[in-house]
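The report below is written for a reader who wants to follow a structure from its overall make-up to single contacts. Please keep the sequence and the coordinates open while reading.

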Amino acid sequence: MTSKKKSVGVMPLGNISEIALQVIADHIAGCFKLTTQILPSMEPPGVAFDERRLQYNAGIIIEAFESIHFGNHDKVIGILNKDLFIPIFTHVFGEARQGGKCGLVSLFRLMKNPDGSAPPESLIHERAAKVALHELGHLLDLLHCEHKKCLMHFSGGTDEVDEMSLDLCEYCSIYLQDKLR
Amino acid sequence: MDKKMSIMVVDDEAIVRESLFHWFKKYGHVVETASSGFEALEKLETYPFQLLFVDIKMPGMDGIELLEKIKTDYPDTLVVIITAYGSIESAVSAMRIGATDYLLKPFKPDQISLVMERISVQKRLVSQYNYLKGHLEKITRFDNIIGHSQEMEKVFNLIPEVAQSDTSILLVGETGTGKELVAKAIHAESLRSHLPFIAINCGAMPESLLESELFGHQKGVFTGATRARKGFLEVVSGGTLFLDEIGEISPKMQINLLRVLEEKKITSIGSRKPLEIDFRLISATRRDLKKEVTEGVFREDFFYRINVIMIEIPPLRKRKEDIPLLVEHFLKKYCQETTKYVDHVTRDAMELLRHYEWPGNVRELENAIERAVVLSKSRTLRVEDLSFIRPPGLQFSQTLPLREMEKAYIQKILVENNWNVTQSAKILEINRVTLHKMIKRYRLERPEG
């Protein structure tokens, strides 16, 4: 018996390059074997902007999007080029809650190397794909993993994102298969 | 080692609680939140959180006060202080009180990962330390014999001394005092420790069975003896034989054993061929065998043969200072066995445990703790959890007016102390003059004779 393949929507929040969106959608389809669709663009809610920190509060955006019905999509990953934070942290590359419906990826800090230089566009896309897959992993209830190369390993800086592979480790793969069954 | 921990986030700001809650969930930790120090203490009462993230600035009870309380009541619980820029001084004082680490908010995501990594290393080291400490304690404190009272120290000092010789030992003590544990400790300390230790309860079997168990029998000597069987005196070969309740054996068996001890030979039932044996005898009794010898109930020659060295094991009521240590030991034991987590005893409950007379001694205390752990609904044992313990002195089968009860109680204490007024007043925690007045008021009289 085969179960229905899960569907993931990739939604630009603001003006995001089509190539970036396509790379992310293709990686989700290729790595997690899920159906993907690029959704029409939406604006991040203004209330999520923290004037003191000049950053967007990821928790508020997620809460706002969780209440929206996104057609047949089981999960939605929002992509934005604004700087994201959650209240305890200085910044986050992405955010998603365990088993939630919507996750976020911010390209803002992925566009800079740790030394301040600008990376090639292809590297930015690869980083974005990794963060999107990581956040989607959380939406599918995967936990942070200790294996440094695993997609579910926590990365605090872009150097760690670069070190991470585009694959899940053996254990997380099995866990994902169970979750998708 | 399992790196998953039980964590509580204590912060009055919902947004911070929520952020950390979701963050730790991503690592598979068990996470709970509390919006105040009071709520945190309430939750700690019911669940053994290993790690707390505590905001320093909270209304009511601040983070420092909460940290102090945690370090007093739950010293093993780790606390990480969260503080804003500008309050570094409080963070430093928190570290002095015993905080494991501190975080300045907002922090970089990898800072919290570093803190968690350090905690994981610390947890591993603590667990290794506890394992080795426990192992060392087992080696030096004779396994499960617990106590630091003077009476027990005497026993502890005697064990290694007597273990080295091969003389017979008689352990005297009430039921449940741990005679078998002492026997095992002597065996473990002796040169025979690599050889068998066999324990037999002489009071638990009829004479014929005991004889067959000790001496063995040949095939067909009695109904049911379908094959030859070696006796424990032979099986123990070279080891230690522990005969519990030696005072219960019959005069005939006393003679048989006396012969064995003198000749170091046995002849199994139905056989004529004597067999040379070698063992060390440790006997135990709860009876006053000396008195029974005088009364002619117990054989004098046998008594002196088994009683080369006598070790008296004190009843629990004579070493009440050991009760907290024993309670702690049994709590740990039954938490492991029942997978429940009870690691605290309220002062009142401990008082009740200390004041009870424990006629069944350590065994009764152990059973009481096991029962209380199984039935307890929180991590703290309270008087209610020990409601099945009824100090005999406080049991009244009939309802009495307070005046009558006071009279009866004073009389009881006076009788117990042979009408020594000074001693009785001390126990009743009143002064001597008051006691004299009460004796007069209640017309209490010392019985004659």
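The model is a predicted one, in which local features need pLDDT of at least 70 and side-chain atom pairs count only at pLDDT 80 or more, while totals for chains, interfaces and linings use all residues. Residues are numbered from 1 along each chain as its sequence is written, and chains are lettered from A and ligands numbered from 1 in the order in which they are written.

Chain A holds five helices and eight strands, where helices (H or I, at least four residues) and strands (E, at least two) are DSSP runs numbered from the N terminus. Read from the N terminus, the order of elements in chain A is β-α-β-β-β-α-β-β-β-β-α-α-α. Of the 181 residues in chain A, 44% are buried, a term that requires 20 or more other C-beta atoms within 10 Å of the residue's own, with C-beta atoms placed from the backbone. Among the contacts in chain A with a separation of 6 or more, 65% join residues 24 or more positions apart, a contact being two residues whose C-beta atoms, placed from the backbone, lie within 7 Å.

| Helix pair | Residues | Angle | Axis separation |
|---|---|---|---|
| Helix 1 of chain A and helix 3 of chain A | 18–32 and 121–139 | about 50 degrees | 9 Å |

The axes are lines fitted to C-alpha atoms over the stretch in contact, and angles run from 0 to 180 degrees between N-to-C directions. Helix 1 of chain A and helix 3 of chain A are therefore oblique to each other, since angles under 35 degrees count as roughly parallel, over 145 as roughly antiparallel, 65 to 115 as roughly perpendicular and the rest as oblique. Residues making this contact include Ile24(A) and Phe32(A) of helix 1 of chain A, and Ala132(A) and Leu136(A) of helix 3 of chain A.

Between the chains, the contact takes 15 residues from chain A and 17 residues from chain B. On the side of chain B that touches chain A, helix 1 of chain B gives the largest share, seven residues.

Phe24(B) is located in that helix 1 of chain B. Phe24(B) counts as buried, because 24 C-beta neighbours lie inside 10 Å. Apart from neighbours within four places in sequence, Phe24(B) is in contact with Ile7(B), His29(B) and Val31(B).

How values were computed
A residue is buried if 20 or more other C-beta atoms lie within 10 Å of its own, exposed if 12 or fewer, and partly exposed in between; C-beta atoms are placed from the backbone.
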